[in-house]
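Here is a walk through the model you have open, from the overall build of one chain down to a few individual contacts. Keep the structure in view and click along as you read.

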Amino acid sequence: MAEYANLVRRALGQLRGHAGVKGFLLQLFRVNDVKVGSLIGVDKYGNKYYEDKKHYFFGRHRWVIYTTEMNGKNTLWEVDGSMVPAEWHRWLHCMTEDPPTTHPPEPKKFLAEVHQFNVSGSPQQYVPYPTTRKKIHEWVPPKAGAQ
Amino acid sequence: MFSLQSIMLRLPTVGRALAGAAKGSLAPSNTVRAASNMVEVFVDGKPVEVEAGTTVLQACEKAGIQIPRFCYHERLSVAGNCRMCLVEIERAPKPVAACAMPVMKGWNILTNSEKTRKARIVIFLNSNHHPLCHFQDQSMQFGSDRSRFTEGKRAVEDKNIGPLIKTIMTRCIQCTRCVRFASEIAGVEDLGTTGRGNNLQIGTYVEKMFMSELSGNVIDVCPVGALTSKPYAFTARPWETRKTESIDVLDAVGSNIIVSTRGGEVMRVMPRLNEDINEEWISDKTRFAYDGLKRQRLTQPMVKDESGQLTPTTWEDALTRVAGALQGVQGNEVAAIAGGMADAESLVSLKDLLNRLDSESLCTEELFPTDGAGTDLRSNYLLNSRIVGIEESDLLLLIGTNPRYEAPLFNARIRKSWLHNELRVAMVGHNVDLSYTYDHLGEDTSVLKELADGTHPFCEVLSAAKRPVVVVGSSALQRDDGAAILSTVSTIAQNARTSSGVEEGWKVLNVLHSRVASQVAALDLGYKAGVDAIRKNPPKVLFLLGADAGCITRADLPQNSLVIYQGHHGDVGAPMADIILPGAAYTEKNATYVNTEGRSQHTKVAVTAPGMAREDWKIIRAVSELAGVTLPYDSLDEVRSRLAEVSPNLVRYDDVEEANFFKQANDLAKYNSLPNTFLPPLCSDSISRASQTMAKCVKAVTEGAAAVEEPSIC
């Protein structure tokens, strides 16, 4: 009996946490998981980061709800793990206990201003090119004006 | 359309057999000895008949047994200091050095007995062996399997002898092959030994460059890796290279080479044995100028657009423009100039193309006097005595040529003759160092007149000679009075021939073509020598087939003429051109070249032509089809049968066709001194000019060996 009461309490809590039935259903179809937790922070693109240590064990205790539009791409349904920027990635993957809200990252040269997600398979992908020296050096014709 | 007969004649053996019956009666000199001179020796019990005077090593080789040796080399004098060839002779008290000891009758040579094997001491002191190391091979075969070495090891400093030869003198086993090569064959006494015993070092003692145009051959001669090729170092391993037999076209001698390639680029060039031309040596330019094949290459057809800038384009575009230009001209309005490295196939197709357009203005860049016999009789422009013939002659008269730089292997042959066969050499021209002593008769053409008249004191020597050879350099014939020089020289030659003692069939007059490998083939095919014909009738369309000597410039041509350049390097001809058609260099095509003796040889494809470049005759064939005057051949065999139609000797490979009709016209003109018309030897063609190794050599020669900066790799 008490378990059912607990279950109902949890369900109501989740409905409340996702702002009503509509939000609950959106979360259900988008993320396939309706757990609620404390909102730790939001990054500048709109991704929300949650944590709940009390109810979920290590590995399931931190998660991200992705934003709906990032870098010009509509990410409502096409969500991509590489959307998480570097400083939140560190916290999300439990490399540290301190989220960037309390411990902002040290500015580094290689940290991009605007985080780009993974472009593999798209036209912007990196294609490796040879860096060896040329075998045959072509003749460069002289400039017309120089003659 | 080719016939079986033409193919059969192309096989060298058949051709030689047929020609042998018709050959002159000149008795070969290196032959039949009296049977009573043969000595019978036993090699491991097996009897073998050898001539008296052969060494034990040669007798064993005749019996089929190879005795290991380090310092012995067939073409160098015997040193006998490596002691590797020690063999036991039965009943002799001590083992003898097989390379030095002449055989005696009845000896029994034991090449594998206990004493012999004990005598061959090879101590494997070195660890990093270069892949072609004979020392390593012989140590593996004959050395002991464990070390008995208790003394201290030695290390020797490396010597700087130039930008071409890398020296790691610790590996040197002091066989003195390089010293003997330098002193006997190259003629420069730069290398020598310093110190004695364990402290013997080979080098130049003072920091001096090994200044010889044959210096690269010490790399082949050194049995260990003490002297190696500096440009080739660390670029490839010999087992990963493919070797292609080919012919060198950087000078007119036509030395036989092996082109080693890996992954579509030429890694190095090595000599091939050919007793008649280059023995087993090649000149430095041949050996090291291959890196010029990778720079300044023409890889795409180019056309000049409205602003005058050459822009790359497609083959269709370039060929249609050429064809369009050719369709609009007739007769003398179209002309062609053949450059120094044009092969016979492209020469014949170009001539056919232009003849079909009614034009006869096909010229070579090098002049040749056209008075008298001119280029009609082959004997007038060939090295008639052949390079081998120098060995049989007893007097050599050089006129206006510096064979040391123009044809280094010819010079090596002269030196060999001078050294071993008592050849007397005389020279009319600048007093240059030819690596052998000669009588310098003077520098003026008046000397030639006196020789022709019989008033010069040297004439007696000339007429007393049994086999005189007169060689006139083609650079001397390029001057204004070249015709006079040629006629004077042929008078001299004729006088020498008809005078006492010269046997029938011995040719005296020779012309040594310098630096231009295509001249003889072009003259054989009917090209005019020299661009005067073009200067007199400036054409509207000029076809340059690799012509980089700059004989005709834009200033000589009318205002809106079209210049088409077909070649492989962007040198002098390409910037001048309106349309550039990229052709193949000599390592990239199956081509026929005729050397200065008239010997036709063919190159083979070692690498494919870079980018969009194609073989030259194929380009001309394509142009002809687009221009509406399709040439009748579609494949290489058909082109070669066309060559055989025009001049059959061009397809009788590796054979020299003899020429006759020594007729001359005496036409003496004004006399003045023979100037030094020699181009710097290392930069005489487009490939050498593009080569960085050759540039380093020029810098080293002018500023000294230390001036060349090498990246330090230990």
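## The big picture

Helices here are DSSP runs of H or I with at least four residues, and strands are runs of E with at least two. By that count, chain B comes to 23 helices and 27 strands. One thing to keep in mind throughout: this is a predicted model.

Chain B has 714 residues, and 57% of them are buried. If you take the contacts in chain B with a separation of 6 or more, 68% are between residues 24 or more positions apart.

## An annotated stretch

The UniProt record, an unreviewed entry, puts a "domain: 4Fe-4S Mo/W bis-MGD-type" annotation on residues 241-297 of chain B. In the model, that span is 9% helix and 35% strand, and its end C-alpha atoms lie 23 Å apart.

## Salt bridges across the sequence

Over all chains, the count is 37 salt bridges. Let's start with B:R262 and B:E240, where the closest N and O atoms are 2.5 Å apart. B:R262 sits in strand β11 (residues 256-262), while B:E240 is in the loop between β9 (227-229) and β10 (242-247), so this pair links distant parts of the chain, 22 residues apart. Both ends are partly exposed: B:R262 has a relative accessible area of 29%, and B:E240 comes in at 35%.

Next up is B:K416 with B:E279, a salt bridge with its closest N and O atoms 2.6 Å apart. B:K416 belongs to helix α13 (residues 408-420) and B:E279 to the loop between β12 (265-271) and α8 (284-288), so the bridge ties together parts 137 residues apart in sequence.

B:K540 pairs with B:E333, and here the closest N and O atoms are 3.3 Å apart. Both residues are in loops of chain B: B:K540 between α18 (532-536) and β23 (541-545), B:E333 between α9 (315-327) and β15 (334-338), so this bridge connects parts 207 residues apart in sequence. B:K540 is partly exposed, with a relative accessible area of 47%, and B:E333 is partly exposed too, at 29%.

## A covered helix

Now find helix α16 of chain B, residues 482-498. How far apart should its ends be? At 1.5 Å a residue, its 17 residues should span 24 Å, and the end C-alpha atoms are 24 Å apart, so the two agree.

This helix is mostly covered, with twelve of its 17 residues buried. Among the buried ones are B:I485, B:L486, B:V489 and B:I492.

## Where chain B meets chain A

On the chain B side, 19 residues are in contact with ten residues of chain A. Together the two chains bury about 1200 Å², with 59% of that on carbon and sulfur atoms. B:K294, B:Q309 and B:P575 supply 32% of the area that chain B buries against chain A, more than any other three residues.

How many salt bridges run between chain B and chain A? The count is zero. Polar contacts do turn up, though: six residue pairs, both partners at pLDDT 80 or more.

## One serine up close

Last stop: B:S691, in the loop between α22 (686-690) and α23 (692-703) of chain B. Its relative accessibility is 2%, so B:S691 counts as buried.

A polar atom of the B:S691 side chain lies 3.3 Å from the backbone nitrogen of B:T693. Leaving aside residues up to four places away in sequence, B:S691 touches B:F288, B:A289, B:D291 and B:G292.

Methods. Residues are numbered from 1 along each chain as its sequence is written. Chains are lettered from A and ligands numbered from 1 in the order in which they are written. This is a predicted model: local features need pLDDT of at least 70, side-chain atom pairs count only at pLDDT 80 or more; totals for chains, interfaces and linings use all residues. Side-chain values use heavy atoms; hydrogens and water are left out. A salt bridge is a side-chain nitrogen of Lys or Arg within 4 Å of a carboxyl oxygen of Asp or Glu. Buried means under 20% relative accessible area, exposed over 50%, partly exposed in between (1.4 Å probe, protein chains only). The expected span of a helix is 1.5 Å times one less than its number of residues. UniProt positions are given in the numbering used here, feature names are shortened, and annotations may be inferred rather than shown by experiment. Contact means heavy atoms within 4.5 Å. Buried area is the accessible area (1.4 Å probe) that two parts lose on being put together, summed over both. A polar contact is a pair of N or O atoms within 3.5 Å; within protein, one must be able to donate a hydrogen and the other to accept it, and residues adjacent in sequence count only if both atoms are side-chain atoms.
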